[in-house]
Amino acid sequence: MASLLRLSPTAPLLPFPRSSPVPRPSLPLHFRIPKPHPTKHIPCRLRYYPLPSPIRSYSKPVSGSFEPDAGGEEIQSPSLLEFVTSERVKVVAMLGLALALCNADRVVMSVAIVPLSKAHGWSQSFSGIVQSSFLWGYLVSPVIGGALVDYYGGKRVMAYGVALWSMATFLTPWAAESSLSALLAMRALLGIAEGVALPSMNNMILRWFPQTERAGAVGLAMAGFQLGCAIGLLLSPILMSQAGVYGPFVIFGLFGFLWVLVWISVASSTPQKHTQISQYELEYITKGQKLTTQQSNGPEKRSKAIPPFNKLLSKWPTWALISANAMHSWGYFVILSWMPIYFNTIYGVNLREAAWFSALPWAMMAVLGYVAGAGSDMMIKNEVSVTTTRKVMQSIGFLGPGLALIGLNSAKNPAIASAWLTIAVSLKSFGHSGFLVNFQEIAPQYAGVLHGMSNTAGTLAAILGTVELVSLPREWVLFVDF
């Protein structure tokens, strides 16, 4: 507690002479005892008036433009302009573009499967096998890819992944004209390469964003993921009408190669290694992160080459995330793979109209996903616990789509069906602020491999959904989705 020394009102204030000695070190510097007048001694009495300490202590986060870090120091939050022009936003924008390409390359086959099936005489069951062949590769790679991400970092693994899946997309026309086995193998290669995308995204956001911005960053990246669905579904029929059925595969593949060149030149695996980042942003990210020393220091101290699977699988939170991802992927991949065929076969709309009806839900999912992420970050800043925030978001992400799909069974025309599907898919995005960001919080050192393990379970559910639902009656195809 600081104190202020004053003279009694009865005694005049005397100036402190320039030639007077420095106060004794044992007293604070603001205790200046005036030297008596050389010719006349004026008695004075000392009075101490308590003042509050100039150092503010915080027991909880303060709302406003300043947030204290773990050491008690205040960190000034960036303005909107500083945030938009920051290096971390550029990183998440590149991640969003990569995920947009990831989904666009994936959904091209959902549109192309209709003319390809007619041209080659494929049955609906075999069409499901062609689409699910992507998931065969996607089943294998997430765990391995997650371990590679934790060991080498997200930048390098994401670059190799985008290059590989762009090559698979580019070569799909050649494979389709060669043989069915070559087509299935190329689709499986696409799945293997895309299996590293989400673990790489999680790893980059973990290293580049403070905890209070991570859900919003995931929302931005996943907005690109969902916009990739809309872009692929909308552009594919147009490109097919101008460049043939294989046109979208070639164009999207070339865009992927271009993205890799830009990513290699502008991105870094950690903010500490970025050459253009400001000192203020670096300190803001570092002080806002609650990471282990290993993650804060970057890839110089890497995770173990073989993750501790037994220890991870012995924890209940791991199984909670695995089950959540499995249920999420079941609904996601069923809708993604069968929505154009659903509108084409049930309501008799042509391919281009079916693409428009199918694209609207994914565009709304992109918008609402960011809203959910920003709302999640706001809840944490307003002292709602991280656990409660994730549970609330995940509950909305499961219950909302389930109720909407019950209403879908009453749809009598494609417009009403698209409205119900838009509600279901957009509310599904709340799960991205639930289980998807929770990987970074329960096991930050092994977030990549944990994400990969849950993705494998989700892929198994997706394979069952895309292959087995073909034989179900019309009333059950999307009802059992959730």
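Guide: Helices here are DSSP runs of H or I with at least four residues, and strands are E runs of at least two, numbered from the N terminus. This is a predicted model, where local features need pLDDT of at least 70, side-chain atom pairs count only at pLDDT 80 or more, and totals for chains, interfaces and linings use all residues. Residues are numbered from 1 along each chain as its sequence is written, and side-chain values use heavy atoms, with hydrogens and water left out.

Visitor: How many residues does α2 have, and what is its reach from first C-alpha to last?

Guide: The expected span is 1.5 Å times one less than the number of residues. Helix α2 (residues 87-120) has 34 residues and reaches 49 Å, close to the 50 Å expected.

Visitor: Where is the kink in α2?

Guide: A bend is the angle between axes fitted to the seven residues ending at a residue and the seven starting there. In α2 a kink of about 45° lies at A112, shortly before the proline P115. Just after α2, G121 takes a positive phi of about 70°.

Visitor: How many residues of α2 are buried?

Guide: Buried means under 20% relative accessible area, exposed over 50%, partly exposed in between (1.4 Å probe, protein chains only). In α2, 27 of the 34 residues are buried, so the helix is largely enclosed by the rest of the structure.

Visitor: Which element gives the largest share of the lining of the largest cavity?

Guide: On a 1 Å grid over the protein atoms alone, a cavity is a set of points where a 1.4 Å probe fits but cannot get out; lining residues have an atom within 4 Å of a point. The largest share, five residues, comes from α12.
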